[in-house]
Amino acid sequence: MSTFRLFPLLSLIIVMFTACSRHNSPDLASRLGEITDSAPGQVGIAVILPMGDTVTVGCDSVRYPLMSVFKLHQSIALGRVLDESGVGLDTIVTIARRELNPDTWSPLLVDHPEGDVSLPLTDLLDYLLLQSDNNVSNILFDRFCHVAMTDSIIRYVTGDNDFKLTYTEHEMQLDHAKAYCNWSSPKACAVLMASLFTDSLLSAPKQQFIISALKRCETGRERIPAAFTHNDSVTIAHRTGSGYINDHNEIVAVNDVAHIILPDGRNYTLAVLVKDYSGTQEDAERLIARISSEVYAYIKDQR
């Protein structure tokens, strides 16, 4: 081959190598590692990039407590059970006052202090996914799809075994140590969230309702969504979880799992799970927001 013919080929190889290096996800992993290395707790991150590559940080053999992130799992499993039973989301559920625990987080009880309320499942799912209502979670587990069934259904729809659901919100409230028994890897959370947007997990109306609810989520605005505070063109669907102080005066978990859709049509999924954090919840939220900003900046550079 002549030098003249070889030069364009070498140029093409150099361009391809440069492009691959620019999209090299370990670069993102190192940037995220620099953020998490000094954190006063364990931080697990999973990013499913627009092209489908997955970046993980702090995930090796660590079981991160889910806390209320498991309400994402619960809503999907509930939808499957309702589909199989031919039950629609317009079904009315009557809740007696005695079923509403006054000592847990429950916007439903605030809105209906008298109890004995009848609401459609759509309203209950809004309380569950938008406001993370613990009473609603307990009632839906009791009435429709218990925890063990939820665990089994999610394993079936995702093919993933890197998580475990064992206890309800009520059981964790009675014994905070049980929060460690509802756990997941960050990657398993990211895969479940991404699957909701890319696979057919449920009948279309139920799946779209859950997606819509996650887009309207009111909790954790200072976490992953904080990277987009002044950017209304980005769509975010997310589910948070946090709570409990362990025997070492650490926050058991501060979590956020999100699917982000950019104005150019690209989308990615980010899961950040923080375990046994010795700082304040506000500090942990700022940490998650910084991670979110770093991931967003990296993906913007990949155009």
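Mentor: Here's a handy idea to start with: the expected span of a helix is 1.5 Å times one less than its number of residues. Keep in mind that the model we're looking at is predicted.

Trainee: Okay, how far does α9 reach from its first C-alpha to its last?

Mentor: Helix α9 has 13 residues and reaches 18 Å, close to the 18 Å expected at 1.5 Å a residue.

Trainee: And which residues of α9 are buried?

Mentor: The buried ones are P186, A188, C189, A190, L192, M193, A194, S195 and L196.

Trainee: What about α7, how many residues does that helix have?

Mentor: Helix α7 covers residues 147-158, so twelve residues by definition of the run, and spans 17 Å between its end C-alphas, close to the 16 Å expected.

Trainee: Which of the α7 residues are buried?

Mentor: V147, T150, D151, I153, I154 and V157 are the buried residues of α7. Looking down the axis of α7, you'd find them within an arc of 170 degrees, so they line one face of the helix.

Trainee: Why would residues a few places apart point the same way?

Mentor: An α-helix has 3.6 residues a turn, so residues three or four places apart end up pointing the same way.

Trainee: Which exposed residues sit on the face of α7 turned away from the buried side?

Mentor: That face carries A148 and Y156, both exposed.

Trainee: What covers the buried residues of α7?

Mentor: The cover includes α3, α6, β6 and α9.

Trainee: What follows α7?

Mentor: G159 does, and its phi is positive, near 70 degrees.

Trainee: Which residues other than glycine have a positive phi?

Mentor: Y244 is one of them, with phi near 70 degrees, and N249 is another, with phi near 60 degrees. Most residues other than glycine have a negative phi.

Trainee: Where is Y244, and is Y244 buried or exposed?

Mentor: Y244 is in strand β8, residues 235-245. Y244 counts as buried because its relative accessibility is 18% and the cut-off for buried is under 20%.

Trainee: And N249, buried or exposed?

Mentor: N249 is exposed, with a relative accessible area of 60%. You'll find N249 in the loop between β8 and β9.

Trainee: Switching topic: at what angle do α3 and α6 cross?

Mentor: Roughly 40 degrees, with their axes coming within 11 Å. The crossing is left-handed. On the α3 side the contact is made by F70, K71, Q74 and L78, and on the α6 side by N134, S137, L140 and F141. Those residues divide into four nonpolar, three polar and one charged.

Trainee: What about A284, buried or exposed?

Mentor: A284 lies in α11 and is buried, also listed at 0%. Not counting residues up to four places away in sequence, A284 touches V254 and Y277. A284 and P40 are 244 residues apart in sequence and 9.1 Å apart in space, C-alpha to C-alpha.

Trainee: Last one: what does V43 touch?

Mentor: V43, in strand β1, counts as buried at 6% relative accessibility. Among the residues V43 touches are T36, V57, Y64, L287 and I291.

How values were computed
Residues numbered from 1 in each chain as written. Predicted model: local features only at pLDDT ≥ 70, side-chain atom pairs only at ≥ 80, totals over all residues. Heavy atoms only, no water. Axes fitted to C-alpha atoms, helices over the stretch in contact; angles between N-to-C directions. Helix = DSSP H or I, 4+ residues; strand = E, 2+ residues; numbered from the N terminus. Left-handed = near helix turned anticlockwise from the far one by under 90°. Contact = heavy atoms within 4.5 Å. Nonpolar A, V, L, I, M, F, W, Y, C, P; charged D, E, K, R; others polar. Buried < 20%, exposed > 50% of the residue type's maximum accessible area, 1.4 Å probe, protein only. Arc of directions from axis to C-beta.
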